[in-house]
Amino acid sequence: MTTELRVLDPSEWDRWYGVLELAFGGVAEAPEERQLWRDLTEFDRSLGVWDGDLCVGTAGAFSFRLTVPGGASVPAGGVTMVSVAGTHRRRGILTSMMRRQLDDLRAAGESLAVLTASEPEIYGRFGYGVGAYSAHAVIDTNRVRLTVPEGTDEVSLRLADLTESSALCEAVYARLVPARPGMLARRPEWERLPLIDPAADREGASPRQCVLAERDGEVVGFAHYAIKPDWGYAGAEGSVNVHQLMGLDPLAEAALWRYLCSVDLASTVRFRSRPVDDAWQHLVSDVRRCEPTLRDGLHVRLVEVGAALEARTYQAPVDVVFEVADAFCPWNEGRWRLTGDAKGAVCVRTSDPADLALSVRELGAAYLGGTSLVSLASAGRVRELRDGALVEASVAFGSPVAPWLPHGF
Ligand SMILES: CC(=O)SCCNC(=O)CCNC(=O)[C@H](O)C(C)(C)COP(=O)(O)OP(=O)(O)OC[C@H]1O[C@@H](n2cnc3c(N)ncnc32)[C@H](O)[C@@H]1OP(=O)(O)O
């Protein structure tokens, strides 16, 4: 088999995207969703693998800005639209695209790559670690009570049209981006993403609805949700499916959670992909009856170890030498001395003895402050070579706010 890997030409997009759709099961997307992904495609950063006239592999990258611990917004390649035709799988096509993509990211000066994975097992071999987890839950609102903080009643709620309120919601979203590692600054064209709501994907639920939280006439939060009515022998058993919930302060968030947990004729509130340190778990009377589950969220890859470690800050002073293994991007291999604190950091090559040994995958997992180096060491994935270095680095890498990305891409 001879295949050619090349940058995508805009005229090839339909065939290219068709391969991706087929790899995900062959169910055609709604026209507005397909159009959105076409508009978002960065053609010069999209790769196709061709077997003659046949497209057999796809991979793209978005030019993102990612919030890192300390609040800086750092350029990051958002790896996306990865697929290989079923007829050509397990022959190294994904590997060839990952190779080219990481080389291109490096040439473009992006020190980080991020992705959300269809299956978490795929990307570790290419140096990605799980940098942010997310929580799913199903709250049994018949049994679970919410205790909201004093002052919640000062927040008023208003139902709004999803599309017409988009700018107000995006303004709230934008203010929250610097506050949480893992969040991505949304460029205007991405603001269409929360509005995509094809009828075929609703599974019996209503179109998306929007409720705004306001204080003194200012929008301080919003929730996007859908209601799925259901009736059992004993009465109503509807559920509220929460798609987004963002509040600028604890009272706004509490008001929104209280509203969603008290929708008439519903007995469950379901949500996917919330931060692991989310407020709801402290508002509820019985977390067990909320069935929380953890899953991988944002996968992070340090494309350039030195530049990436310098791009964030550290919540405690740190001075450690890492011995980094990186078989897929060997330019990262070797010893790096990181010195830093809450104001800034320097990370340079060194010949000094190493304090900690790990692979680039563990650095990706720890990078946003959501996975501790101590925890990785407990699984044998980080080795401490100098007494005390593990705790020192682990504390410094931590983040007071858990990293989170609210949506896939
Ligand atoms: C960021 C995103 O877009 S995520 C979306 C990813 N795409 C999908 O899930 C769509 C459905 N799946 C596919 O299209 C393909 O199976 C892909 C893209 C996952 C893999 O493509 P392939 O060309 O078959 O991968 P390739 O042959 O390069 O495999 C490299 C290695 O990864 C392993 N691997 C590949 N896919 C998987 C998987 N899904 N689970 C576990 N291991 C995998 C292979 O076994 C191989 O291992 P080896 O080096 O030890 O032999």
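Q: Why is tyrosine 123 called buried?
A: Tyrosine 123 has 24 other C-beta atoms within 10 Å. A residue is buried if 20 or more other C-beta atoms lie within 10 Å of its own, exposed if 12 or fewer, and partly exposed in between, with C-beta atoms placed from the backbone. Tyrosine 123 is therefore buried. This is a predicted model, in which local features need pLDDT of at least 70, side-chain atom pairs count only at pLDDT 80 or more, and totals for chains, interfaces and linings use all residues. Residues are numbered from 1 along each chain as its sequence is written.

Q: Why does phenylalanine 409 count as partly exposed?
A: Phenylalanine 409 has 19 C-beta neighbours inside 10 Å, so it counts as partly exposed.

Q: What makes Tyr123 and Phe409 "active site" positions?
A: The label comes from UniProt, where the entry is unreviewed. UniProt positions are given in the numbering used here, feature names are shortened, and annotations may be inferred rather than shown by experiment.

Q: Which residues does tyrosine 123 touch, not counting residues up to four places away in sequence?
A: They are Leu115, Ala117, Tyr128 and His299. Two residues are in contact if their C-beta atoms, placed from the backbone, lie within 7 Å.

Q: Where does tyrosine 123 lie?
A: Tyrosine 123 is in the loop between β5 (112-115) and β6 (129-140). Helices (H or I, at least four residues) and strands (E, at least two) are DSSP runs, numbered from the N terminus.

Q: What makes a set of residues a nonpolar core?
A: The members are buried Ala, Val, Leu, Ile, Met, Phe, Trp, Tyr and Cys residues joined through C-beta atoms within 7 Å. The largest such core here has 73 residues, and Leu112, Ala113, Val114, Phe322 and Leu356 touch the most other members. Its largest share, seven residues, comes from strand β3 (residues 54-67).

Q: Why are β17 (345-349) and β19 (382-384) called edge strands?
A: Two strands pair if DSSP finds at least two bridges between them. The sheet is open, with five strands in the order β17-β16-β15-β18-β19 and mixed pairing. β17 and β19 each pair on one side only.

Q: How many bridges join strand β18 (residues 356-359) to β19?
A: Three bridges join these antiparallel strands. Leucine 358 stands opposite valine 382 in β19.
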